[in-house]
Amino acid sequence: MINNPHFFSVSENSLTLSFGNEISVEINRKILNLFDFIENNPFAGLTEIVPAFSSLTVFYDLPVVRKNFSEFSTAFEAVKFYLKKAVNESVEIIRCDSPVI
């Protein structure tokens, strides 16, 4: 499941990528890595990324996505394609949540 998320539309300008309802450090780490990857490699039209424990919701500017990714039938399909690539391309980033002294 960790490399095969489900995608669903939240509104006309957002979608959620979900790895299910399992509480898992591995899944949460994947979500945080995806968040970092998308933040550092934004697509045209990205407006906001909201991570949760096992999902990631992505908000986008519909007209900008349609203009820049006209080869896709919908903005949802364009963003979904981008996120599928991001799932495969994002690399693990080691996080340090403790203060450095």
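Predicted model: local features only at pLDDT ≥ 70, side-chain atom pairs only at ≥ 80, totals over all residues.
Which are the buried residues of α1?

**View 1. Helix α1 and its buried residues.** The buried set in α1 is Ile27, Asn28, Lys30, Ile31, Asn33, Leu34, Phe35, Asp36, Phe37 and Ile38. These residues pack against β2, β3, β4 and α3. The helix itself lies across β2, β3 and β4, and runs at about 165 degrees to β3. Zoom in on the start of α1 and you'll find a side-chain oxygen of Ser24 within 3.2 Å of the backbone nitrogen of Glu26.

**View 2. The open sheet.** Here 4 strands line up in the order β1-β2-β4-β3, with antiparallel pairing. The edges belong to β1 (6-11) and β3, each of which pairs on one side only. From one strand to the next, the twist averages 20 degrees.

**View 3. Two strand pairs up close.** β1 and β2 run antiparallel and are joined by 5 bridges; His6 stands opposite Ser18 in β2. β3 and β4 are also an antiparallel pair, over 5 bridges. Between β3 and β4 there's a hairpin of 3 residues, and Leu46 has Tyr60 in β4 as its bridge partner.

**View 4. The largest nonpolar core.** This core holds 25 residues, and Leu17, Leu56, Val79 and Leu83 touch the most other members. The elements giving two or more residues to the core are β2 (14-18), α1 (25-40), β4 (55-60) and α3 (75-89). Of these, α3 gives the most, with 8 residues.

**View 5. Around Leu17.** Setting aside residues up to four places away in sequence, Leu17 touches Pro5, His6, Phe7, Ile31, Leu34, Ser54, Ser55, Leu56, Leu83 and Val87. Leu56 and Leu83 in that list are, along with Leu17, among the residues that touch the most other core members.

View 6. Val65 lies in helix α2 (residues 62-68). Is Val65 buried or exposed? Its relative accessible area is 0%, so it counts as buried. Apart from neighbours within four places in sequence, Val65 is in contact with Phe43, Ala44, Gly45, Tyr60, Ala75, Ala78 and Val79. Asn13 is 52 residues away from Val65 in sequence, yet their C-alpha atoms are 9.5 Å apart in space.

Notes. Residues numbered from 1 in each chain as written. Heavy atoms only, no water. Core = buried A, V, L, I, M, F, W, Y, C linked by side-chain atoms within 4.5 Å. Buried < 20%, exposed > 50% of the residue type's maximum accessible area, 1.4 Å probe, protein only. Contact = heavy atoms within 4.5 Å. Polar contact = N/O pair within 3.5 Å; in protein donor to acceptor, adjacent residues only side chain to side chain. Pairing = 2+ DSSP bridges. Axes fitted to C-alpha atoms, helices over the stretch in contact; angles between N-to-C directions.
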